[in-house]
Amino acid sequence: MPETYKNNVSAQIGNLWKLIGNTPFIAVSYRFKGGPEQQVLVKCEQYNMTGSIKDRMALYILQKASEQGKIRPGDMIVEATSGNTGIAFAAIGKAIGNRVRIIMPDWMSLERKAIIKSYGAEVKLVSKEEGGFLGSIAMAEAMSHYDGVFLPRQFANRYNVEAHEKTTGREIGHSLLLEEIKPAAFVAGVGTGGTVMGVGNFLRSLFPEMKVHPLEPAESPTLSAKYKAGSHRIQGISDEFIPDILDLNNLDQVLQVNDGEAILMAQKITKELGMSVGISSGANLAAAIRLQQQLGTNKAVVTIFPDNNKKYLSTDLFKEEPFREGYLTKDVQLIAHRVLNKV
Ligand code: PMP
């Protein structure tokens, strides 16, 4: 690659969009308590460039910033993140010629820290005593006064939502129209809320009656309680506070899932479908199946697999998880997946 290519940031951003988005949209068929075959629809975001849904938001924010002259090659991107966002900025930042500093809580999985470092980004770890996630955000904000520093501010940046309106939501909407499926509901675990807001906004513009449900861990119901409550093992969702871009008044009922159930469902997806997914994918599928059982099995429910399982090798996802009363995983048999179409 000639060195000058990297200097043409907009060409490089266009190049990266060929590796990000246009992910497969699949139907997962299952039986509940041995009953008839049913299906839920899933957008498979583990197939993005760095293996997660956050690539879309990171590339879109950097594209807007570069178009508006808010970031230049060589500037430092500084972001507080629980992991996937850090990986996305580290990789995309490198590809377009920026330095990256990621500030994250020290309890995030070993793999996430190592992967971010492998892209040549700096990692600053923040302990619970130093303020955990909120402390990480405060440290990033403190750097905003320096020249040559760009803060994406994923929790407050409207372009995070817009990225999902213009890409994830649009792709799902077009796939549904092509398949002539009218969705009854969309379910997504909330980290920044970018996915649930953006996909929800776009799908409701096509299907005004559909419900859009945010999902949170039952062990840490920050959205329902309105403050940080408890701790949980579904990395990537429920980060200690209610993000600015999440508008609960514009969303339907908050759903909950136990972290143990999410782990068992993610393990099941991998074992029974041969598809590698992370813990929040298990949470999303468990909530989507439960919702479909309540709504009626002829109702189409859509959800997301946000990432794959590689970043969780050292976590409980790769250990034996005890089954508890109330989990639906023993009642669900996953049968197969079918790729509907790539837009
Ligand atoms: N699952 C995982 C694994 C994630 O990393 C994230 C992003 N933090 C989400 C779900 C939630 O996505 P969003 O930030 O768009 O709400």
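What share of the 343 residues in the chain do buried residues make up? Buried residues make up 59% of them, where buried means under 20% relative accessible area, exposed over 50% and partly exposed in between (1.4 Å probe, protein chains only). The model is predicted: local features need pLDDT of at least 70, side-chain atom pairs count only at pLDDT 80 or more, and totals for chains, interfaces and linings use all residues. Residues are numbered from 1 along each chain as its sequence is written, and side-chain values use heavy atoms, with hydrogens and water left out.

View 1. Helices (H or I, at least four residues) and strands (E, at least two) are DSSP runs, numbered from the N terminus. The C-alpha atoms fill a box of roughly 60 × 45 × 40 Å along the principal axes. Of the contacts (heavy atoms within 4.5 Å) with a separation of 6 or more, 73% are between residues 24 or more positions apart.

**View 2. Aromatic pairing at Phe-323 and Tyr-327.** Rings of Phe, Tyr and Trp (its six-membered ring) pair if their centres lie within 6.5 Å; planes under 30 degrees apart count as stacked, over 60 as edge-to-face and the rest as tilted. By this rule the count comes to five aromatic pairs. The ring centres of Phe-323 and Tyr-327 are 5.8 Å apart and the planes stand at 80°, so the pair is edge-to-face. Phe-323 is partly exposed, at 30% relative accessible area, whereas Tyr-327 is buried, at 8%. Elsewhere, one aromatic cluster is formed by Phe-133, Phe-155 and Phe-241.

**View 3. Lysine charges over the rings of Phe-323 and Trp-107.** A charge sits over a ring if NZ of Lys or CZ of Arg is within 6 Å of the ring centre and within 35 degrees of the ring normal. The charged end of Lys-330 is 4.1 Å from the ring centre of Phe-323. For Lys-128 over Trp-107 the distance is 4.2 Å.

**View 4. His-213 in strand E8 (residues 211-217).** His-213 is buried, with a relative accessible area of 6%. Its side chain reaches the backbone oxygen of Gln-253 at 2.8 Å. Leaving aside residues up to four places away in sequence, the residues that His-213 touches include Phe-186, Val-196, Asp-252 and Leu-291.

**View 5. Asn-309 in the loop between strand E10 (300-305) and strand E11 (332-341).** Asn-309 is buried, with a relative accessible area of 10%. The side chains of Asn-309 and Ser-276 are joined by a polar contact of 3.0 Å; such a contact is a pair of N or O atoms within 3.5 Å, where within protein one must be able to donate a hydrogen and the other to accept it, and residues adjacent in sequence count only if both atoms are side-chain atoms. Beyond four places in sequence, Asn-309 touches Thr-270, Ser-276, Val-277, Gly-278, Leu-317 and Phe-318.

**View 6. Positive phi at Asn-22 and Lys-226.** Asn-22 has phi near 50° and lies in the loop between helix H2 (9-17) and strand E1 (25-32). Asn-22 is partly exposed, at 38% relative accessible area. Lys-226 has phi near 70° and is found in the loop between helix H9 (222-225) and strand E9 (255-257). Lys-226 is exposed, at 57%.
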